[in-house]
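Please examine the model shown below together with its sequence. The report that accompanies it is arranged by topic.

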Amino acid sequence: MALTFYYGAGSPYAWRVWFALEHKAIPYERKVLSFADGDLKKPEYLAVNPRGKVPAIVDGDVRLHESAAIVEYLDDAYPDSGARLFPGSARERALVRRLVCEADNYFVPPMNRLLQRVLFAKREEWDPERIAAARDEVAAELERWAGPSEGGYLAGPLSAADFTLYPMIAIALRCEKRKPDLALRERIPTRILAWMARVEALPFYAKTWPVHWK
Ligand SMILES: N[C@@H](CCC(=O)N[C@@H](CS)C(=O)NCC(=O)O)C(=O)O
(Lines give C-alpha, C1' and ligand atoms only; values in the text may rest on other atoms or scores of the structure.)
Protein backbone atom coordinates (compact mmCIF):
# COMPACT_ATOMS: atom_id res chain seq x y z
CA MET A 1 0.00 0.00 0.00
CA ALA A 2 1.30 3.45 -0.92
CA LEU A 3 2.41 5.79 1.79
CA THR A 4 -0.24 8.36 2.79
CA PHE A 5 0.91 11.96 2.89
CA TYR A 6 -1.28 14.45 4.76
CA TYR A 7 -0.84 17.86 3.21
CA GLY A 8 -2.13 21.41 3.65
CA ALA A 9 -1.69 23.88 0.77
CA GLY A 10 0.73 26.70 1.55
CA SER A 11 2.38 24.96 4.51
CA PRO A 12 6.14 25.25 4.05
CA TYR A 13 6.55 22.14 6.24
CA ALA A 14 4.20 20.07 4.10
CA TRP A 15 5.90 21.40 0.98
CA ARG A 16 9.26 20.18 2.32
CA VAL A 17 7.87 16.66 2.61
CA TRP A 18 6.29 16.81 -0.84
CA PHE A 19 9.63 17.80 -2.36
CA ALA A 20 11.27 14.94 -0.46
CA LEU A 21 8.76 12.34 -1.66
CA GLU A 22 9.24 13.45 -5.25
CA HIS A 23 13.03 13.54 -4.98
CA LYS A 24 12.99 10.03 -3.51
CA ALA A 25 10.50 8.82 -6.14
CA ILE A 26 8.45 7.16 -3.41
CA PRO A 27 4.86 6.28 -4.38
CA TYR A 28 2.41 8.17 -2.19
CA GLU A 29 -1.21 9.08 -1.88
CA ARG A 30 -1.62 12.75 -0.99
CA LYS A 31 -4.55 13.70 1.21
CA VAL A 32 -5.28 17.41 1.11
CA LEU A 33 -6.58 18.77 4.41
CA SER A 34 -8.40 22.09 4.56
CA PHE A 35 -7.33 24.57 7.24
CA ALA A 36 -10.56 26.53 6.69
CA ASP A 37 -12.80 23.50 7.17
CA GLY A 38 -11.03 22.50 10.38
CA ASP A 39 -9.83 19.17 8.92
CA LEU A 40 -6.66 19.27 11.02
CA LYS A 41 -8.62 19.19 14.28
CA LYS A 42 -11.04 16.43 13.31
CA PRO A 43 -10.75 13.23 15.35
CA GLU A 44 -9.73 11.15 12.34
CA TYR A 45 -6.75 13.40 11.70
CA LEU A 46 -5.88 13.86 15.37
CA ALA A 47 -5.53 10.06 15.41
CA VAL A 48 -2.76 10.51 12.84
CA ASN A 49 -1.16 13.61 14.36
CA PRO A 50 -2.38 14.50 17.84
CA ARG A 51 -0.91 17.97 17.42
CA GLY A 52 -3.35 18.65 14.59
CA LYS A 53 -0.75 20.03 12.22
CA VAL A 54 0.44 19.17 8.73
CA PRO A 55 2.41 17.40 7.45
CA ALA A 56 2.13 13.82 8.62
CA ILE A 57 2.61 10.48 6.94
CA VAL A 58 1.32 6.98 7.46
CA ASP A 59 3.55 4.30 5.98
CA GLY A 60 2.35 0.82 6.89
CA ASP A 61 2.36 0.81 10.68
CA VAL A 62 4.52 3.95 10.88
CA ARG A 63 2.69 7.18 11.75
CA LEU A 64 4.92 10.20 11.76
CA HIS A 65 4.61 13.93 12.05
CA GLU A 66 7.20 16.76 12.13
CA SER A 67 8.55 17.50 8.68
CA ALA A 68 12.24 17.21 9.60
CA ALA A 69 11.67 13.76 11.12
CA ILE A 70 9.61 12.67 8.11
CA VAL A 71 12.34 13.69 5.69
CA GLU A 72 14.95 11.76 7.70
CA TYR A 73 12.62 8.75 7.83
CA LEU A 74 12.09 8.75 4.06
CA ASP A 75 15.82 8.66 3.41
CA ASP A 76 16.37 5.90 5.98
CA ALA A 77 13.36 3.76 5.08
CA TYR A 78 13.86 4.03 1.30
CA PRO A 79 17.64 4.10 0.87
CA ASP A 80 17.53 2.71 -2.66
CA SER A 81 14.66 4.78 -4.00
CA GLY A 82 15.37 7.94 -6.00
CA ALA A 83 18.16 10.22 -4.82
CA ARG A 84 19.43 10.70 -1.29
CA LEU A 85 18.08 13.54 0.83
CA PHE A 86 21.21 13.39 2.98
CA PRO A 87 23.85 12.58 0.38
CA GLY A 88 27.57 12.00 0.74
CA SER A 89 29.94 11.37 3.61
CA ALA A 90 29.22 11.82 7.33
CA ARG A 91 30.69 15.29 7.05
CA GLU A 92 28.53 16.20 4.05
CA ARG A 93 25.41 14.81 5.67
CA ALA A 94 26.19 16.78 8.81
CA LEU A 95 26.20 19.96 6.74
CA VAL A 96 22.74 19.11 5.39
CA ARG A 97 21.49 18.53 8.94
CA ARG A 98 23.08 21.74 10.15
CA LEU A 99 21.37 23.76 7.43
CA VAL A 100 18.02 22.10 8.18
CA CYS A 101 18.45 23.02 11.86
CA GLU A 102 19.43 26.56 10.95
CA ALA A 103 16.38 27.00 8.74
CA ASP A 104 14.04 25.60 11.41
CA ASN A 105 15.64 27.47 14.30
CA TYR A 106 16.75 30.78 12.80
CA PHE A 107 14.73 31.41 9.65
CA VAL A 108 11.37 30.30 11.01
CA PRO A 109 11.02 32.81 13.89
CA PRO A 110 11.38 35.96 11.74
CA MET A 111 9.41 34.26 8.93
CA ASN A 112 6.57 33.63 11.38
CA ARG A 113 6.64 37.23 12.58
CA LEU A 114 6.36 38.44 8.98
CA LEU A 115 3.50 36.04 8.22
CA GLN A 116 1.65 37.03 11.40
CA ARG A 117 2.01 40.72 10.63
CA VAL A 118 1.10 40.56 6.92
CA LEU A 119 -0.57 37.35 5.74
CA PHE A 120 -2.51 36.48 8.87
CA ALA A 121 -3.39 40.03 9.95
CA LYS A 122 -6.28 42.11 8.73
CA ARG A 123 -5.16 44.89 6.42
CA GLU A 124 -6.63 47.49 8.75
CA GLU A 125 -4.43 46.15 11.53
CA TRP A 126 -1.19 46.31 9.56
CA ASP A 127 1.52 48.14 11.46
CA PRO A 128 4.06 49.40 8.88
CA GLU A 129 6.90 49.68 11.39
CA ARG A 130 6.45 46.19 12.79
CA ILE A 131 6.09 44.79 9.26
CA ALA A 132 9.28 46.51 8.12
CA ALA A 133 11.07 45.21 11.22
CA ALA A 134 10.04 41.61 10.44
CA ARG A 135 11.04 42.02 6.79
CA ASP A 136 14.44 43.32 7.90
CA GLU A 137 14.89 40.33 10.19
CA VAL A 138 14.09 37.91 7.36
CA ALA A 139 16.53 39.72 5.07
CA ALA A 140 19.22 39.79 7.77
CA GLU A 141 18.90 36.05 8.33
CA LEU A 142 19.25 35.38 4.59
CA GLU A 143 22.47 37.42 4.56
CA ARG A 144 23.92 34.67 6.75
CA TRP A 145 23.25 32.00 4.15
CA ALA A 146 26.11 31.25 1.80
CA GLY A 147 23.82 30.24 -1.05
CA PRO A 148 24.71 27.57 -3.59
CA SER A 149 28.03 25.82 -3.19
CA GLU A 150 29.95 23.89 -5.86
CA GLY A 151 27.24 21.31 -6.48
CA GLY A 152 24.80 24.13 -7.20
CA TYR A 153 22.69 23.69 -4.07
CA LEU A 154 22.97 24.72 -0.44
CA ALA A 155 25.01 21.74 0.75
CA GLY A 156 26.53 20.84 -2.62
CA PRO A 157 24.20 18.32 -4.25
CA LEU A 158 20.45 18.76 -3.98
CA SER A 159 19.42 17.74 -0.47
CA ALA A 160 16.97 18.10 2.41
CA ALA A 161 18.54 21.52 3.09
CA ASP A 162 17.17 22.93 -0.17
CA PHE A 163 13.76 21.38 0.38
CA THR A 164 13.62 22.92 3.86
CA LEU A 165 14.63 26.51 3.18
CA TYR A 166 12.98 27.05 -0.22
CA PRO A 167 9.34 26.78 0.92
CA MET A 168 10.07 29.08 3.85
CA ILE A 169 11.40 31.84 1.60
CA ALA A 170 8.54 31.24 -0.82
CA ILE A 171 5.91 31.83 1.86
CA ALA A 172 7.77 34.90 3.12
CA LEU A 173 7.68 36.23 -0.45
CA ARG A 174 3.99 35.46 -0.53
CA CYS A 175 3.59 38.40 1.84
CA GLU A 176 4.77 40.63 -0.99
CA LYS A 177 1.89 39.44 -3.14
CA ARG A 178 -0.49 40.69 -0.45
CA LYS A 179 1.54 43.81 0.28
CA PRO A 180 3.39 44.76 -2.93
CA ASP A 181 5.40 47.53 -1.28
CA LEU A 182 6.92 45.10 1.22
CA ALA A 183 10.19 45.17 -0.76
CA LEU A 184 11.42 41.80 0.47
CA ARG A 185 12.54 40.30 -2.85
CA GLU A 186 14.93 43.17 -3.48
CA ARG A 187 16.52 42.49 -0.10
CA ILE A 188 17.21 38.82 -0.87
CA PRO A 189 20.88 38.30 -1.77
CA THR A 190 21.37 37.56 -5.48
CA ARG A 191 23.15 34.28 -4.65
CA ILE A 192 19.98 33.13 -2.85
CA LEU A 193 17.77 34.22 -5.75
CA ALA A 194 20.05 32.28 -8.13
CA TRP A 195 19.74 29.18 -5.94
CA MET A 196 15.94 29.60 -5.78
CA ALA A 197 15.85 29.62 -9.59
CA ARG A 198 17.69 26.27 -9.57
CA VAL A 199 15.07 24.79 -7.25
CA GLU A 200 12.34 26.24 -9.47
CA ALA A 201 13.88 24.41 -12.45
CA LEU A 202 13.47 20.98 -10.82
CA PRO A 203 11.16 18.72 -12.85
CA PHE A 204 8.74 18.17 -9.96
CA TYR A 205 8.71 21.82 -8.82
CA ALA A 206 5.60 23.01 -10.67
CA LYS A 207 3.30 20.31 -9.34
CA THR A 208 4.23 21.14 -5.74
CA TRP A 209 3.39 24.85 -6.02
CA PRO A 210 0.49 25.59 -3.63
CA VAL A 211 -2.70 25.45 -5.66
CA HIS A 212 -4.24 28.64 -4.24
CA TRP A 213 -1.06 30.60 -5.00
CA LYS A 214 -1.54 30.11 -8.77
N1 LIG B 1 7.31 21.76 13.26
C2 LIG B 1 6.20 21.31 12.45
C3 LIG B 1 5.38 22.51 12.05
C4 LIG B 1 4.06 22.13 11.40
C5 LIG B 1 3.12 23.31 11.33
O6 LIG B 1 3.25 24.30 12.07
N7 LIG B 1 2.14 23.23 10.42
C8 LIG B 1 1.16 24.27 10.30
C9 LIG B 1 0.96 24.69 8.86
S10 LIG B 1 2.35 25.59 8.27
C11 LIG B 1 -0.17 23.75 10.79
O12 LIG B 1 -0.53 22.63 10.49
N13 LIG B 1 -0.92 24.58 11.51
C14 LIG B 1 -2.25 24.26 11.92
C15 LIG B 1 -2.49 24.58 13.36
O16 LIG B 1 -1.52 24.82 14.10
O17 LIG B 1 -3.65 24.61 13.72
C18 LIG B 1 6.75 20.57 11.24
O19 LIG B 1 7.92 20.79 10.88
O20 LIG B 1 6.05 19.71 10.67
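## Basis of the model

The model is predicted; local features need pLDDT of at least 70, side-chain atom pairs count only at pLDDT 80 or more, and totals for chains, interfaces and linings use all residues. Residues are numbered from 1 along each chain as its sequence is written, and side-chain values use heavy atoms, with hydrogens and water left out.

## The largest pocket

The largest pocket has a volume of about 770 Å³. Of its 32 lining residues, Gly10, Ser11, Pro12, Tyr13 and Phe35 are the closest to its centre. A pocket is an open set of points on a 1 Å grid over the protein atoms alone, where a 1.4 Å probe fits, with protein on both sides within 12 Å along at least five of seven lines; lining residues have an atom within 4 Å of a point. The volume is the space filled by probe spheres set on the points, which are joined across faces, edges and corners.

Helices H1 (12-23), H3 (67-77), H4 and H6 (160-178) each supply at least two lining residues, and H4 gives the most, with five. Helices are DSSP runs (H or I, at least four residues), numbered from the N terminus. The lining comprises 14 nonpolar, 10 polar and eight charged residues. Here Ala, Val, Leu, Ile, Met, Phe, Trp, Tyr, Cys and Pro count as nonpolar, Asp, Glu, Lys and Arg as charged, and the others, Gly among them, as polar.

## Salt bridges

The structure holds 11 salt bridges, each defined by a side-chain nitrogen of Lys or Arg within 4 Å of a carboxyl oxygen of Asp or Glu. One of them joins Glu22 and Lys207 (2.8 Å, N to O). This pair links distant parts of the chain, with Glu22 in H1 and Lys207 in helix H8 (residues 205-208), 185 residues apart. Glu22 is buried at 16% relative accessibility, whereas Lys207 is partly exposed at 47%. Buried means under 20% relative accessible area, exposed over 50%, and partly exposed in between (1.4 Å probe, protein chains only).

Within H4, Glu102 and Arg98 are four residues apart and thus separated by about one helical turn; their side chains form a salt bridge (3.3 Å, N to O). Lys24, Asp75 and Arg84 are linked in a salt-bridge network.

Arg117 belongs to H4 (residues 90-117). Arg117 is buried yet has no salt bridge, and the nearest side chain of opposite charge, Glu137, is 5.0 Å away. For charge, Lys and Arg count as positive and Asp and Glu as negative; His and the chain ends are not counted.

Arg185 lies in the loop between H6 and helix H7 (190-200) and is partly exposed, at 43% relative accessible area. Leaving aside neighbours within four places in sequence, Arg185 is in contact with Leu173, Glu176 and Leu193, where contact means heavy atoms within 4.5 Å.
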